[in-house]
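Colleague: I am new to this structure. Please take me through the terms as they come up.

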Amino acid sequence: MEKLLIKIVLKNGVATPKYATELSAGFDLTAYSVIPIPNQPAHITHDGFSIPPQSRILVGTGLFIELPKGKVLDIRTRSGMALKEGVFVLNSPGTIDADYRGEIGVILINLNKVDVTITPGERIAQMVISKFEKATDEEKKQQDVMSNSTTFFKDGMKKLMKNPLAVGS
């Protein structure tokens, strides 16, 4: 397995992200603070902060990261949190590009029927780093594109009419 060197900066008191096991694809992100969102309640408590039902919050992680070119960081829901608490990463996967230098924030939504409390240091999401490809475009005339699409559609419909189970083969 290839090792990837990434640069990180942590706010005071934030633990270095770690993989849970040797074969984990992602490492855990932990809660640090609430970043206010206009018109979205987040209640600060003595334990941390709570998310009311059907509400979303932006959780700061205290983590800043510098990815190498050609890499992307996906923020994903933790399955245990989704199952047990009904809390999900709202735009999962959230995408962090290699040129982003701000604090990593996680948008959480509470789909539970009761408030859910998040405590500082609690694992709230997973980060998975992956390689990506840049697409290039080839300019074509609209007529050529439409002609090819129509032919593709007509051929597919002919197949479907002859044998409904043959589509996609």
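Modeller: On a 1 Å grid over the protein atoms alone, a pocket is an open set of points where a 1.4 Å probe fits, with protein on both sides within 12 Å along at least five of seven lines. This is a predicted model, where local features need pLDDT of at least 70 and side-chain atom pairs count only at pLDDT 80 or more, while totals for chains, interfaces and linings use all residues. Residues are numbered from 1 along each chain as its sequence is written, and side-chain values use heavy atoms, without hydrogens and water.

Colleague: How much space lies in the second largest pocket?

Modeller: About 160 Å³, a volume being the space filled by probe spheres set on the points.

Colleague: What makes a residue part of the lining?

Modeller: A lining residue has an atom within 4 Å of a point. The residues that line the second largest pocket include Ile6, Lys18, Phe27 and Met127.

Colleague: Which part of valine 89 lies 2.9 Å from a polar side-chain atom of threonine 77?

Modeller: The backbone nitrogen of valine 89.

Colleague: What share of the protein chain counts as buried?

Modeller: Buried means under 20% relative accessible area, with a 1.4 Å probe and protein chains only. Of the 169 residues, 28% count as buried.

Conventions. Polar contact = N/O pair within 3.5 Å; in protein donor to acceptor, adjacent residues only side chain to side chain. Buried < 20%, exposed > 50% of the residue type's maximum accessible area, 1.4 Å probe, protein only.
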